[in-house]
Amino acid sequence: MWFANFFVAASATMIMPFLSLFIETMGDFSADYVQRWAGFVFGITFLTAFFMSPIWGRFGDKHGHKKVLLISGSGIALCTLLIAFVQSVEQLFTLRLLMGVVTGFIPTSLALISAQTPKEEAGKTLGTLQMGTVSGGLFGPLLGGLLADAVGFQYTFILTSAGILLATIVVLLGIKEVRQSKKKDKQQTYSRKEVLSHILHQPILMTILLVTTLIQIANFSVQPLLALYVIDLTSGSNIAFLAGMAFSATGFGNLLATRQWGNLGDKIGHEKVLVLLLVFSSVTFIPQGFAHSFWQLVVARFIFGIAVGGLIPCTTAYIRQVAPVAMQGEVLGYNVSFRFLGNVIGPMMGGVLSGYFGISSVFFITSLLFLLAAFILWGAIHYVNRHSEKAHYS
């Protein structure tokens, strides 16, 4: 599964650094138009995925996560291949929308491994799996930037599609899903109402789902704009490669720290580590907005990557601990939906803010969002601890 996630993450991130540059090749557009549509095209995939993710999660609980992985990988590969032949921004927008129906390969892989991992080792195991995703995200933007500069956007999309198809074949031939017995649960299946009730009666769990949205809004607000920001900071001709390097700097920071954050969460509590990482992310995002050179941006994004690398594995591991086995896929599906909602709002928000106030302003707003998420989660933890103490002494 590590290798499959590596291929999917590498292939998916190959196209992200130059998406705004790709839009510029479709016509004589103003900078505001490109920034706005870069946000729309980037975010629309996740709007569709927001609605589909719980459905795929429930399907995976009933029929197996491997089937979801095969459907997702094949669908993403096909949509990416078709993007290579689009002639307009509207066609690109439509294909990205359709891609959202099957998006969710990496979250589903987390659900598959999570369901087969002992709870006390969930953080470390998911952190290790996340390293595959992070490693792919590290090399993907660099490779994508090199290919875009060398052979053009069309062939880069074709090669990206082939990489995702290869990952799907790896799952088909190399992954055997062991379905765990649900006899330990009081019920073998849970209705959607019971799943929602379980979430609503777990204050920290509900808060983490909401905080997940804020995290993704913050994290994705600048991603479609990064190539345009790099243009402002450098006069180099190989912009796609440099944008890929800026993307990969975050991935390299992730790679160094992800497993350690998951391991720390196993020891002291994943919700506590999440609060720490959110504050760390807030602080490390600010220097990116003050960057005066390309290399300052790269260093700042590397430090930010160290902080943000533990957010996804710690979130997944916490859900693994508090959700019964029979509903974990669906609960994780709701978590992914909240992530996708943030993925929709973030790029659109970033596009609008940058159009009015400049790209640098997006970094400062993003920092505040990370800090807000930290305060909300800290408040939920404090609330639960206070009520637990009252119940203990009453």
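Let's start with the aromatic rings: this predicted model holds 13 aromatic pairs. Trp37 has a relative accessible area of 19%, so it counts as buried, since the cut-off for buried is under 20%. Phe40, with 25%, is partly exposed.

Phe285 belongs to helix 13 (residues 270-289) and Phe304 to helix 14 (residues 294-308), so the pair ties together parts that are 19 residues apart in sequence. Phe285 and Phe304 are buried.

Back at Trp37 and Phe40, you can find an aromatic cluster that also takes in Phe29, Tyr33 and Phe93.

Next, look at the nonpolar side chains. In soluble globular proteins, such side chains tend to be buried together. The largest nonpolar core here has 58 residues, and the members touching the most others are Leu278, Leu297, Leu311, Val331, Phe370 and Leu377. A second, separate core of 37 residues includes Leu19, Tyr33, Ala77 and Met99.

Finally, what about the cysteines? Cys79 is buried, because its relative accessibility is 10%, and Cys314 is buried too, because its value is 0%. A disulfide is a covalent bond between the sulfur atoms of two cysteines. How many disulfides does the model contain? The count is 0.

Methods. Residues are numbered from 1 along each chain as its sequence is written. This is a predicted model: local features need pLDDT of at least 70, side-chain atom pairs count only at pLDDT 80 or more; totals for chains, interfaces and linings use all residues. Side-chain values use heavy atoms; hydrogens and water are left out. A disulfide is a pair of cysteine sulfur atoms within 2.5 Å. Buried means under 20% relative accessible area, exposed over 50%, partly exposed in between (1.4 Å probe, protein chains only). A nonpolar core is a set of buried Ala, Val, Leu, Ile, Met, Phe, Trp, Tyr and Cys residues joined through side-chain atoms within 4.5 Å. Rings of Phe, Tyr and Trp (its six-membered ring) pair if their centres lie within 6.5 Å; planes under 30 degrees apart count as stacked, over 60 as edge-to-face and the rest as tilted. Helices (H or I, at least four residues) and strands (E, at least two) are DSSP runs, numbered from the N terminus.
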